[in-house]
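These are my notebook entries on one structure, taken down as I looked things up.

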Amino acid sequence: MNECITPTTNHFSPTASLAAIGVKLNQQDLFGPIRTNVHIKQKTVKHTPADKLYDAWISLLAGAHGLVEINTRPRTDPGLQRAFGRSACAEQSVVQETLDACTADNVTQLQQAFDEIFRQYSQSIHHDYQARFLLLDVDISGLPCGPKAAFATKGYFAGQYHRRGRQLGRVLATEYAEVVVDRLFAGNVQLIKALQPLVEAAEETLQLDEAKRARTILRVDAGAGTLDDLNWLLSRGYEVMAKEYSGQRVLRLAKTVTEWVQDPDWPERSFGWVTEPPTNYVRPVERIAVRCRRQDGTFAYGVLICSLSAEQVLAMLGRTSLQAVDPVAVLAAYVTFYDLRGGGIETSLKGDKQGLGLTKRNKKRFEAQHMLVLLGSLAHNVVIWARQWLMSPPIQRCGILRMVRDVFHISGLLRFDSCC
């Protein structure tokens with residue numbers, strides 16, 4: 001018999017369900033590539049620098065919105081520590097010191113370790129490109145911080161005028177809700193400047209060759225809808241779904257619409273085909289003008305740009321190809337496919353801000369903040385993978401906030417023996 005007969009120890013934990021996930025992560029040594037590849041030049045007194053990064057990462061999964069909560073969450077829960085393979089937890093101040101000791105080289109090392117973990121556990125890396133397109137959403141979101149922080153500049157922060165901060169650029173594999181790339185930029189950087197480095201990083205992470213790029217859709221908002229950006233994407237073989245960047249060009253193209261069709265789902269919105277030929281693009285595209293009535297009775301206009309055929313868009317929406325002969329259904333499909341961006345990357349960013357406290361942890365040093373961003377990206381993906389591991393239909397519908405706040409916080413008694 002293999003039954004262990006050694007004495008057991010019991011620990012009550014408010015995060016017993018997270019401890020179960022921790023046992024699995026510890027057995028698979030998910031954090032191993034970070035221990036191996038990230039070398040922070042800091043002496044070890046009681047905990048190694050990698051152990052302190054590990055404690056910070058565990059605190060994110062435990063719902064900590066500030067690093068100070070390391071002392072009140074994982075450090076006061078010996079059962080959770082043991083489930084993740086730790087015999088003790090570092091104090092929050094020494095974790096902060098380790099983050100402050102990180103350099104740009106450490107950020108690069110953590111990015112490489114993230115890629116290694118991603119390729120081992122993600123679903124999107126095993127996507128069947130022959131069966132269907134891979135959809136990647138790209139966007140940038142503001143991270144407000146103090147004015148004395150490195151690269152904290154004035155920029156766009158929704159609802160916060162004259163605020164300083166940094167920008168988080170993200171590439172999301174929308175079908176799988178996995179973060180492919182997270183990069184930190186200065187506060188005055190917009191998507192027009194961040195698009196190419198984000199896409200190039202996603203190519204490396206997903207190992208996108210020419211054949212895979214031809215079966216990949218990049219969906220972006222107007223911030224990356226310039227002629228140069230879209231031609232760069234099209235020349236690399238991607239399919240694109242974007243929104244026109246230039247406001248003046250939008251108004252000019254909207255005037256070429258000969259027939260406006262009312263949106264069947266939204267009476268205040270209508271759309272129509274742009275009749276001006278898209279001669280400036282390196283590959284054929286379709287352009288649809290959209291107008292929405294404002295409260296004062298005037299219209300706000302936008303132009304969508306898509307390189308997909310009507311049949312391909314309908315297939316992405318799960319609709320029958322027979323609708324391709326219906327002009328109204330085709331127009332509605334293009335507009336709906338762009339609208340679904342709101343349920344993809346925008347929901348992902350909102351979920352991380354609410355569930356993982358993405359905007360609550362601000363470090364003065366840029367490299368320290370970037371390390372925290374990457375640890376948050378890994379925490380996001382582990383939450384997504386945990387939904388699949390738990391294999392419960394109700395849990396499959398939980399977002400990041402409910403997973404961290406509710407699913408990971410089921411209390412219980414943890415029992416360990418010396419065989420563990």
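**Entry 1, the domain interface.** I looked for salt bridges (a side-chain nitrogen of Lys or Arg within 4 Å of a carboxyl oxygen of Asp or Glu) across the interface of domain 1 and domain 2, and the rule finds zero there. Before going on I noted that this is a predicted model, in which local features need pLDDT of at least 70 and side-chain atom pairs count only at pLDDT 80 or more, while totals for chains, interfaces and linings use all residues. I also noted that residues are numbered from 1 along each chain as its sequence is written, and that side-chain values use heavy atoms, with hydrogens and water left out.

The domain assignment, whose bounds come from an automatic or database source, gives domain 1 as 8-110 + 365-417 and domain 2 as 133-346. I find their C-alpha centres 34 Å apart. The contact (heavy atoms within 4.5 Å) takes 12 residues from domain 1 and 15 residues from domain 2. The size of an interface is often given as the accessible area lost when the parts come together. For domain 1 and domain 2 I wrote down a buried area (the accessible area, with a 1.4 Å probe, that two parts lose on being put together, summed over both) of about 1,100 Å², of which carbon and sulfur atoms give 61%.

Over the structure I recorded a count of 21 salt bridges. One of them joins Asp 221 to Arg 341, with the closest N and O atoms 3.2 Å apart. Asp 221 lies in the loop between strand E6 (216-219) and helix H9 (227-235), and Arg 341 in the loop between helix H12 (327-339) and helix H13 (345-355), so this pair ties together parts that are 120 residues apart in sequence. Helices (H or I, at least four residues) and strands (E, at least two) are DSSP runs, numbered from the N terminus.

Is Arg 341 buried or exposed? Arg 341 counts as buried, at 4% relative accessibility, where buried means under 20% relative accessible area, exposed over 50% and partly exposed in between (1.4 Å probe, protein chains only). Arg 341 also forms a salt bridge with Glu 346, the closest N and O atoms being 2.6 Å apart, and Glu 346 is partly exposed at 38%. Shared partners join Asp 139, Asp 221, Arg 341 and Glu 346 into one network of salt bridges.

I looked up the bridge between Arg 269 and Asp 263 as well, and its closest N and O atoms are 2.7 Å apart. Arg 269 is buried at 10% relative accessibility, and Asp 263 is buried at 5%.

My search of the whole structure for aromatic pairs (rings of Phe, Tyr and Trp, the last by its six-membered ring, with centres within 6.5 Å; planes under 30 degrees apart count as stacked, over 60 as edge-to-face and the rest as tilted) gave 11. Among them, Trp 57 and Phe 84 are edge-to-face, at 6.5 Å centre to centre and 90° between the planes. This pair links distant parts of the chain, 27 residues apart, with Trp 57 in helix H3 (residues 49-61) and Phe 84 in the loop between helix H4 (78-83) and helix H5 (92-100). Trp 57 is buried at 1% relative accessible area, and Phe 84 counts as buried at 1%.

Trp 273 belongs to strand E9 (residues 266-273) and Tyr 334 to helix H12, 61 residues apart. Trp 273 is partly exposed at 30% relative accessibility, whereas Tyr 334 is buried at 2%. I also noted a cluster in which ring pairs link Phe 31, Tyr 54, Trp 57 and Phe 84.

For charges over rings (NZ of Lys or CZ of Arg within 6 Å of the ring centre and within 35 degrees of the ring normal), I found Lys 24 over the face of Trp 389, 5.1 Å from the ring centre. The charged end of Arg 219 sits over the ring of Phe 337, 5.1 Å from its centre.

Where is Pro 14 placed? I find Pro 14 in the loop between strand E1 (8-13) and helix H1 (16-28), partly exposed with a relative accessible area of 43%. Not counting residues up to four places away in sequence, Pro 14 touches Asp 77, His 409, Ile 410 and Ser 411.
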